[in-house]
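Subject: Structure handover

Hello,

I am passing this structure on to you. Please look through it first; my notes follow below it.

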Amino acid sequence: MKAFIFDLDGVICSTDELHYLAWKALADREGIPFDRVMGNRMRGVSRMACLEIMLEKANHSYTEEEKKEMADFKNSHYVALLDKLTEKDLSEEVRSTLQALRKMGYRIAIGSSSKNTPIILRKLGIYDWFDAVVDGNMITHSKPHPEVFLKAAKLLCLPPEECFVVEDAVAGIDAAKAGGFVSIGISDASRYEKADYKIHTFSDLLNIVK
Ligand code: G6P
Ligand code: MG
């Protein structure tokens, strides 16, 4: 194995919680029931696909124009929450584990469906740490399609089977499997039977490669 491709939200940082809060704000505005189970299904999934998950519980249908306004509302709320993000929001555990993997010679990349990836990596002060960053602005299909990880592997000049993919999303593990990567599930995805490895905390990655 030569590289790690990391999902961002819920793996490198806790921005998964900010996505949840922003969708909750929209659901409350619209009077649509929304809970953690729905929030977990939104992990790894594009903004518009998340909206469709939320609208499963709506009691009337929405026009395309209304849907666009709702997605924009959620994103504005989310970006406002991101404003408070600083380098302190990168945990010491993630920081030291990434550094240790790099020191061991592993190449590292980001593969995220989020269009806000560059803002987050810059706010955390780690944009330059990665050999490749592929995000929601660069793909046509979001997870569970493997496109985001295949693009990252291509930028690393490595075949998928030489790359680990680290994911908190069931859709992300499915994407990794579909692309021929070795998958590692953390958080919500650590309970997913299809993950090749399941870890409880980020630094457990070091146990996999030792
Ligand atoms: C990540 C998150 C998803 C989010 C998606 C798009 O994959 O896990 O919950 O919907 O990115 O994020 P964006 O910031 O572009 O709306
Ligand atoms: Mg995630």
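Ligand 1 lies between domain 1 (3-14 + 87-208) and domain 2 (16-82), because both give residues to the shell around it; the domain bounds come from an automatic or database domain assignment. This is a predicted model, in which local features need pLDDT of at least 70 and side-chain atom pairs count only at pLDDT 80 or more, while totals for chains, interfaces and linings use all residues. Residues are numbered from 1 along each chain as its sequence is written, chains are lettered from A and ligands numbered from 1 in the order in which they are written, and side-chain values use heavy atoms, with hydrogens and water left out.

The ligand site

The shell around ligand 1 has 15 residues, each with a heavy atom within 4 Å of the ligand. Val45, Arg47, Ser114, Lys115 and Asn116 are the closest. By class, the shell holds four nonpolar, six polar and five charged residues (nonpolar: Ala, Val, Leu, Ile, Met, Phe, Trp, Tyr, Cys and Pro; charged: Asp, Glu, Lys and Arg; polar: the others, Gly among them).

Ser114 has a polar side-chain atom 2.7 Å from an oxygen atom of ligand 1. Polar backbone atoms of Met42 and Gly44 each lie 2.9 Å from an oxygen atom of the ligand. On its own, ligand 1 has 390 Å² of accessible area, and the protein covers 97% of that (Shrake-Rupley method, 1.4 Å probe). Helix H3 (47-55) and helix H4 (64-82) are the elements that give two or more residues to the shell (helices are DSSP runs of H or I with at least four residues, strands are runs of E with at least two, numbered from the N terminus).

Backbone points to check

Most residues other than glycine have a negative phi, and most peptide bonds are trans. The bond from Lys143 to Pro144 is cis, with omega near 15 degrees. Pro144 is in the loop between strand S3 (132-134) and helix H7 (147-156). Cys157 has a positive phi, near 60 degrees, and is placed in the loop between H7 and strand S4 (163-167).

Regards

Conventions: A polar contact is a pair of N or O atoms within 3.5 Å; within protein, one must be able to donate a hydrogen and the other to accept it, and residues adjacent in sequence count only if both atoms are side-chain atoms.
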